[in-house]
Amino acid sequence: MKIGLFIPCFMNELYPQASMDTLKILESFGLDVEYPMEQTCCGQPQANTGCAHEASILAKRFLQIFKKYDYIVAPSGSCVSMVRYNYAQFLEGMDGFEHIKNNTFELIEFIHDIIKPDSLHVSFPHKVSIHNSCHAHRELGLASMSEKSVTPFSKIKDILEMVDGISFATLQRNDECCGFGGTFAVTEEAMSIAMGRDRVADHIRSGSEYITGVDMSCLMHMQGIIEREKLPIQTIYIAQILARGLK
Amino acid sequence: MSELGHPRLAQKFASDTKRMHWHDKALWFVREKRDVQTHSLDEWEELRECADKIKTHTLENLAFYLEEFERNTRENGIEVHWAKDADEHNKIVLDILQKHDASKLVKSKSMLTEECHLNPFLEKNGIEVVDTDLGERIVQLRHEAPSHIVLPAIHLKKEDVGKTFEEFLHTQKDNSDPTYLTRAAREHLREKFLGSDASLTGVNFAISETGGIVVCTNEGNADLGASLPKLHIACMGIEKIIPRLEDLAIFTRVLARSATGQPVTTYTTHYHEPQRDGEMHIVIVDNGRSKILANKKYLKSLQCIRCGACINTCPIYRRSGGYSYGYTIPGPIGSTLGASHDIKRNFTLPFACSLCASCTNVCPVKVDLHEQLYLHRQDVVDLGLLDKKKLQALKIATFFMQHPLLMDIGGKIARVVMPLLPRSIVYSKYNIWGKNRELPKFPKNSFKELYKKRKR
């Protein structure tokens, strides 16, 4: 089983440690993981801004680079959601598309659904609160959403509960958007900031020490607000909890 | 107003942080009430599924059901009129009123007449129009439009209402006690009802099988209006049709729960014939709907039952207010309908959305709202309406992204140079991200560099 590691473009440039932690976790399960060097971006910024032509160029590129892997795993819910739900418009009917659509996973989803570990040998004695990032939450279905009448579940929490010493804080609004939204963060700057501030405030009110989640982009946005306003909380990407002590 | 576009109007609304938070909380309260109601039903998701299927089927066979409805309605003694656009609709209503020498009209809530701008048209032609829904009456007195489709005065605090009533209804100075104000409104409206020549209502559901219409309200104002004067006009869009009476059971169950978190509206009234010695007219309006019907991408927006749940859940609407959209209907549903209606005028609306998908999942008839907004963005680009600088930046980024070596070099330069630049340059006015947020710290190496080193 060969895994293609798909690292979002901005994480490659700005979050090498979080990306490395993703690789380490996958390798700790004894998996054969490869990072294809020619990868760049999945095209989500273009697609979400309506630039279908540009997005389709990058989607085709992605397909050619990744179709040879059994599984494609990425430390991002929203980039995976792009592949799974938005690529069809550009790639429908092309060789390998069904394969990448069905076999591209967000990291936690992959661990939870495919690897299914019984235990993790890691400790993180802190109180954390989970940021349910929208695309991982409502598109990929990593946890039950508040809009629906279904039995509550959270794949993220299931995995984090295997961490020694961790405890969870409860939010007032469990799955409201943080306002990152890709280019939305700039196009609708005032809304993005208002939403981000409210989200961070909810996490602080919960008594949490760390906001964690499966999308670094949302955490980057909230961390930006936390640092500017010198707020008493930190963000930590989920792989950075799970990979503690791994070499 | 819409010339400014959503981002600037939203910024204006949000600049009063206290009021923005008050608005956000007021609507979140309604969303939570809705959750309590919907989560208490085991069959909620099944109800949504049924509602979706009925609406999908109806839209696929809309011509058939509209004609069946017309036939049955006429058999019931109700007159039917067809209007292709807002102008025709307004003229038909005026014509009916003039034929009856009616100069005083009481209206209950109808977003369609807002869409057609009926009130100013009738007023210009000498008709006194009184909106009788309390919220609608408040905004009418203030010469404002509704800022929400179910809660038209949600942008106003009770003190604002007190001042408005003080000015127009001569209530006590600085008295903003809700009970006192409601009683004053009731007295004022009672006179208007009694003195009216005709009434106009909207339509929540038009039942093809029976040729009757159903109006859902909480205040009973539609009932009072339609019962007192002898002339009743009901205006509806072509998409209000449902096939059978038994289908109504699904929709009355999802409508009130989604709209206000009530199990059912206080009044659910069926109108199947004119009152004794009276007349009843139904005006069926297209006004751009058949254009949407013909467009697969946006077709499902015609399934909307105007419950407002997508508006209440929208984190942007709650923080930007109804007027920031500059369109009759705000929020996610308004953004897609507005873009379908006139994309040149409303091109900022598909972007007034973080694609969080809460709307799509809260919608009781499963309108694929956020997916429609995503697709409307492509239309904005195709029509050349996207900001040129933004388009250029994305084109350049796409070029880089096709050449990994250029990406690597660009990234390297940025990681070396950025930490050396003074803060005043990094956080200049061109850095919109950095206006209210710190940028992430630029690391020494990219992941790719670390990966190569590790492999060796």
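Analyst: Happy to. This is a predicted model, in which local features need pLDDT of at least 70 and side-chain atom pairs count only at pLDDT 80 or more, while totals for chains, interfaces and linings use all residues. Residues are numbered from 1 along each chain as its sequence is written, and chains are lettered from A and ligands numbered from 1 in the order in which they are written.

Let's start with the overall build. Chain A holds 14 helices and 8 strands; these are DSSP runs numbered from the N terminus, with helices being H or I of at least four residues and strands E of at least two. For its 247 residues, a compact globule would have a radius of gyration near 18 Å, and the 17 Å of chain A agrees with that. That radius is taken over C-alpha atoms, and the globule rule is 2.2 Å times the number of residues to the power 0.38. The C-alpha trace of chain A spans about 50 × 45 × 40 Å along its principal axes.

Inside, 57% of the residues of chain A are buried. A residue is buried with 20 or more other C-beta atoms within 10 Å of its own, exposed with 12 or fewer, and partly exposed in between, the C-beta atoms being placed from the backbone. Of the contacts in chain A between residues at least 6 apart in sequence, 77% join residues at least 24 apart; a contact needs C-beta atoms, placed from the backbone, within 7 Å.

Chain A is divided into domain 1 (2-115) and domain 2 (127-242), with bounds that come from an automatic or database domain assignment. The C-alpha centres of these two domains lie 21 Å apart. Their contact takes 24 residues from domain 1 of chain A and 21 residues from domain 2 of chain A. On the domain 1 side, α1, α2, α3, α5 (77-86) and α8 (107-115) of chain A each supply at least two residues. That side has 12 nonpolar, 9 polar and 3 charged residues. Here Ala, Val, Leu, Ile, Met, Phe, Trp, Tyr, Cys and Pro count as nonpolar, Asp, Glu, Lys and Arg as charged, and the others, Gly among them, as polar.

In α5(A), 8 of the 10 residues are buried, so the helix is largely enclosed by the rest of the structure. The buried residues include C79(A), V80(A), M82(A) and V83(A).

Now for the partner. The contact between chain A and chain B takes 53 residues from chain A and 54 residues from chain B. Several helices of chain A each supply at least two residues to the side that touches chain B, among them α2 (16-28), α4 (52-66), α12 (189-205) and α13 (216-229). By class, that side of chain A has 26 nonpolar, 14 polar and 13 charged residues.

P16(A) counts as buried, with 21 C-beta neighbours inside 10 Å. Leaving out residues up to four places away in sequence, P16(A) touches P443(B), N445(B), S446(B), F447(B) and L450(B). Chain B is divided into domain 1 (1-40 + 297-386), domain 2 (53-287) and domain 3 (392-455). The C-alpha centres of domains 2 and 3 of chain B lie 56 Å apart.

A contrasting spot is K230(A), in the loop between α13 and β8 (234-237) of chain A. K230(A) has a positive phi of about 50 degrees although it is not a glycine, and this lysine is exposed, with 6 other C-beta atoms within 10 Å.

Last, a helix of chain B. The buried residues of α4(B) are Y65(B), L66(B), F69(B) and T73(B). They cover an arc of only 100 degrees around the axis, which puts them on the same side of α4(B); the arc is that of the directions from the helix axis to the C-beta atoms. The face turned away from that buried side carries the exposed residues A63(B), E67(B) and E75(B). After α4(B) comes G77(B), whose phi is positive, near 90 degrees.

Note on methods
Two residues are in contact if their C-beta atoms, placed from the backbone, lie within 7 Å.
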